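Subject: Structure for you to look at

Hello,

I am passing on the structure we talked about. Please open it alongside these notes, which follow below.

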Amino acid sequence: MSDILIVDDERDIRELISDILQDEGYTTRLAGNSDDAMAAIAAEPPALLILDIWLKDSNMDGIDILKAVKRDYPEVPVVIISGHGNIEIAVAAIKQGAYDFIEKPFNIDQLMVVIRRGMETSRLRRENTSLKRRETTPADMMGESAVFRGLMGQLDKVTRSNGRVMLSGPAGSGKELAARYIHVNSNRAGAPFVSVGCASIDSERMEEVLFGRESEEKGIEPGLLEEANGGIIYFDEVADMPQGTQSKILRVLVDQQFLRVGGSDKVQVDLRVVSSTSRDLEEEIAEGRFRRELFHRLNVVPIAVPALEERRDDIPLLADYFIEMLNKTQGLPLRILGSEARAQLQTMGWPGNVRQLRNVIERVLILGDGAGEIEARELPGETDAAPSDGRVVLSGALSTMPLREAREAFEREYLLTQINRYGGNISRTAEFVGMERSALHRKLKSLGVVTSSKAGARTG
């Protein structure tokens, strides 16, 4: 992208600059007044803007245009030129966000140095934005379980709207991944996705981070709301947002505009908001820690992201993906999960959810025995000291019970573990344990186990 817009009320000047830039291989557009300039920018934001301070017969001067461009298109570098230049004008322009300032009559070599640097800045900004958007690819948004398919069905529906979405679920379950999936598959996919970690930003800095600030020393410093303009802003763990900020965000949702900290000009934004929480927001409201009005504004479409234990069928698939991904990104061994290791992963507890699974796989690949199959003994809960002759080590509780009680306790725990492993699917559990489905039902009943329709639930 090498499109440069030249705005100057003197025709000879703008055409001279255009001829010079075209000789250097750039594409140019010309505007002689503020109306033509703003129309050209609205039609297609340029890679760089060359802007005269003084514009005759115009509704806006160069500083006004600069303010508008930095508000609506902050990624576009603006080079100010003026025949009436002085240090005060230069300082004012830089404070308002100008990339550089050149005084007429200008030296062509000096002009080209500034233009080349400005275009390089523009290129780097575009690449940075592209990389950020590429990061939103929901590569590990995968699964085959009924619970996961239900989640994807809900996400696919909300991608087609602009409605605000509230994602709820335990930490590590993939709420941000779900938010990025919504972005990538929405009509805003080409615009920014900006994540706000409400729990990680100091409460005293939250408003500056979100709204930006204006000061005599540094001029305009855009905040995250401006960075997200046209795209999606994602409030991660929104329950941790300071109460003072909650009321201001509520106003942004209503008006789609705000004031920077220390500023006086309203900033217009076009935002879609997606939020997430691992807490019960109704409880937070009852305790006076979260504004009910904000909750209702954000909770237009509530979607529950399931815990990993509710979709145990997906664990082997996710584990295989993490092995391949870590091999490509970190050069870790490309190992295969053994059958016992797969079973072990499906029966383990996962309080940290998908994030914990990834960490476990990474640790096994780093500390593992080489390039062979991943064995169950390498996973948490298994030790190298386990007997190698096939013997089972009894727990302290089992070893003190009479045979009948110990057998029933073992069968009950074993069957509950397998039911959880297969997401509550009795048919698949019966097939694995080698029993007829009706016989398994009778066995569960005799052990006092009541199966639940909710996948992954332990009952009994």
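Asn 353 is found in helix α15, which covers residues 353-367. The model is a predicted one, and in it Asn 353 has a positive phi of about 60° although the residue is not a glycine. Asn 353 counts as buried because its relative accessibility is 2%, and the cut-off for buried is under 20%.

A positive phi in a residue other than glycine also turns up at Gln 256, where the value is near 55°. Gln 256 sits in the loop between α10 (243-255) and β11.

A search of the whole structure finds four aromatic pairs. Phe 193 and Tyr 234 make up a stacked pair, with 6.0 Å centre to centre and 25° between the planes. Phe 193 belongs to strand β7 (residues 193-197) and Tyr 234 to strand β10 (residues 232-236), so this pair ties together parts that are 41 residues apart in sequence. Both Phe 193 and Tyr 234 are buried.

Another pair is formed by Phe 211 and Phe 258: the ring centres are 5.5 Å apart and the planes are at 50°, so the pair is tilted. Here the partners are in helix α8 (residues 206-211), which holds Phe 211, and strand β11 (residues 257-259), which holds Phe 258, so the pair ties together parts that are 47 residues apart in sequence. Phe 211 is buried, as is Phe 258.

Ser 34 is in helix α2 (residues 34-43). Its relative accessible area is 1%, so Ser 34 is buried. Leaving aside residues up to four places away in sequence, Ser 34 touches Leu 55, Ser 58, Asn 59, Met 60 and Ile 65.

Last, the surface. Which residues form a nonpolar patch there? They are Phe 410, Tyr 414 and Phe 432, and together they have about 290 Å² of accessible area. Phe 410 lies in helix α17, residues 403-421. With a relative accessible area of 48%, Phe 410 is partly exposed, because the term exposed is kept for values over 50%.

Regards

Conventions: Residues numbered from 1 in each chain as written. Predicted model: local features only at pLDDT ≥ 70, side-chain atom pairs only at ≥ 80, totals over all residues. Heavy atoms only, no water. Patch = residues over 30% accessible without salt bridge, like charges linked within 9 Å, V, L, I, M, F, W, Y side chains within 5 Å. Areas by Shrake-Rupley, 256 points an atom, 1.4 Å probe, with all protein chains shown as cover. Salt bridge = Lys/Arg side-chain N within 4 Å of Asp/Glu carboxyl O. Helix = DSSP H or I, 4+ residues; strand = E, 2+ residues; numbered from the N terminus. Buried < 20%, exposed > 50% of the residue type's maximum accessible area, 1.4 Å probe, protein only. Contact = heavy atoms within 4.5 Å. Phe/Tyr/Trp six-rings, centres within 6.5 Å; stacked < 30°, edge-to-face > 60°.
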